[in-house]
Amino acid sequence: MGKGYKYRGGIGSFDKDGNSIFERDVNTLVKNQIFLPTKKELNDPTEGFYNDDAIRFLFEALKEYSAEVKRQYVGLLEKFAQVGIYSLSNNVTNELLWAYYGSGHLGFAIEYDIDKLKESLNHNQYFQSIFDFDVEYSRSIPIADISMLHEKDIIRTLKTFLGTKSRSWKHEEEYRLIIDGKGLFDIDYRAITGIYFGYRMQEEEIDYIMKKLKGRGLSYYKMGLIENTYKFTPLKIEDKYPDATKYVANCIDYDVDELLMSGVVFGEEAQLYRDKFIDALESIKNDPLIKDFYIATVNTDSIEPLLKIFANTKSGMPPIREFNFKLNEKGEIYRTK
């Protein structure tokens, strides 16, 4: 899908308890986590405003018959109040965002690979727990109608209740992730592809971040001014730790024969695919979000065999992850969705 950017504060910013916001944000990066607040915890007091007068009028007019529907609607609103919201910008060069959220250009911005970030937060192909969209900006509060209670287009409903803001915010170009859950979430560190340092960020802070994130193969940029304009542009800078040991977030031990037995793969079939399963397991054993493997099996119902590996996840949301592999014309494995 592309890239999204999260602006973060610089040195000298503190929370209500006197703790450094800069250190908190860097440490969250190092731990491969993101924090998802609810709508009440966002900085806009009009966040999630909507007009549902028509729905409530209908409930009142049909109160003898609408008690169950009203109960479901109240439950929906309670759910929307509890989901987590992760806000990014589609723009990393916006001078206002650098001023507001980047501590007057002293902070930094995190570049995310959106597809990899979404996969981090929802890798269960059978159940969708994350939705994403560009925020809409309007001069008036969105109107909710009763059709939304059985709306097949969930994005339309989410935009009405959680994805529309005043046009005054339009410059933020916000892209939003809505997730069934709130608080800290583990992510795949590979979802972070670059760090952009603010125009005024000092070399000491740049070095501090690079040292903390060394070995991850990130791209680094320093924001610069375009001559004779008000505009900023990212300028590529060198990693100060290019020879650091490659970062490995996870490394899972496994017994391929035990996994094949668990997947009821025996005899000639086991011998035929054993080496291919080892190649597959080696390719995913460093996946940062899984705890262990517990089944390896082969599906031969289709024309070409499908090698399937199941793993327990660290977060338990969802509890299981499935990895599928096929063989190309040369007999080499490749991963499929």
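These are my notebook entries on what I looked up in the predicted model above.

**Ground rules.** I number residues from 1 along each chain as its sequence is written, and I keep to heavy atoms for side-chain values, with hydrogens and water left out. Since the model is predicted, local features need pLDDT of at least 70 and side-chain atom pairs count only at pLDDT 80 or more, while totals for chains, interfaces and linings use all residues.

**Overall.** I noted 9 helices and 16 strands in the protein, taking helices (H or I, at least four residues) and strands (E, at least two) as DSSP runs numbered from the N terminus. The C-alpha trace spans about 70 × 65 × 40 Å along its principal axes. Of the 337 residues, 43% are buried, where buried means under 20% relative accessible area, exposed means over 50%, and partly exposed lies in between (1.4 Å probe, protein chains only).

**Helix pairs.** I looked up two packed pairs, with axes as lines fitted to C-alpha atoms over the stretch in contact and angles running from 0 to 180 degrees between N-to-C directions. Helix H2 (residues 53–61) packs against helix H3 (residues 67–82) at an angle of about 150 degrees, and their axes are 10 Å apart. That angle makes H2 roughly antiparallel to H3, given that angles over 145 degrees count as roughly antiparallel, under 35 as roughly parallel, 65 to 115 as roughly perpendicular and the rest as oblique. For helix H1 (residues 21–30) and helix H7 (residues 203–212), I found axes that come within 10 Å and cross at roughly 25 degrees, and H1 and H7 are therefore roughly parallel to each other. On handedness, H2 passes H3 in a left-handed crossing, whereas H1 passes H7 in a right-handed crossing; the crossing is left-handed if the near helix is turned anticlockwise from the far one by less than a right angle, and right-handed if clockwise.

**Helix H5.** Which residues of helix H5 (residues 114–121) are buried? I listed Ile114, Leu117, Ser120 and Leu121. They cover an arc of only 120 degrees around the axis, which puts them on the same side of H5; the arc is taken from the directions from the helix axis to the C-beta atoms. At the start of H5, a side-chain oxygen of aspartate 113 comes to within 3.1 Å of the backbone nitrogen of aspartate 115.

**Serine 89.** This residue is in strand S3 (residues 84–89), and serine 89 counts as buried at 3% relative accessibility. I found a polar atom of its side chain 3.0 Å from the backbone nitrogen of asparagine 91, and a polar atom of the serine 89 side chain also lies 2.9 Å from the backbone oxygen of glutamate 172. I count as a polar contact a pair of N or O atoms within 3.5 Å; within protein, one must be able to donate a hydrogen and the other to accept it, and residues adjacent in sequence count only if both atoms are side-chain atoms.

**Positive phi.** Most residues other than glycine have a negative phi. Asparagine 228, not a glycine, has a positive phi of about 65 degrees; this residue is in the loop between strand S11 (219–225) and strand S12 (232–237), and asparagine 228 counts as exposed at 77% relative accessibility. Valine 264 has a positive phi near 60 degrees, lies in the loop between helix H8 (256–262) and helix H9 (267–284), and is exposed with a relative accessible area of 58%.

**The four-strand sheet.** I traced an open sheet of 4 strands in the order S13-S14-S15-S16, with antiparallel pairing, where two strands pair if DSSP finds at least two bridges between them. Strand S13 (290–299) and strand S16 (333–336) stand at the edges with a single partner strand each, so one side of each is left without a neighbour in the sheet. Neighbouring strands of this sheet are turned by 30 degrees against each other on average, direction ignored.

Strands S14 and S15 are joined by 6 bridges, and phenylalanine 310 stands opposite glutamate 322 in S15. Strand S15 (residues 320–327) is joined to S16 by 4 bridges; in S16, tyrosine 334 is the bridge partner of lysine 326, and isoleucine 333 is that of leucine 327. The hairpin of S15 and S16 has 5 residues between the strands, and in this hairpin glycine 331 takes a positive phi near 85 degrees.

Is leucine 306 buried or exposed? Leucine 306, in strand S14 (residues 306–313), is buried, with a relative accessible area of 15%. Its C-alpha atom is separated by 13 Å from that of valine 265, 41 residues apart along the chain.
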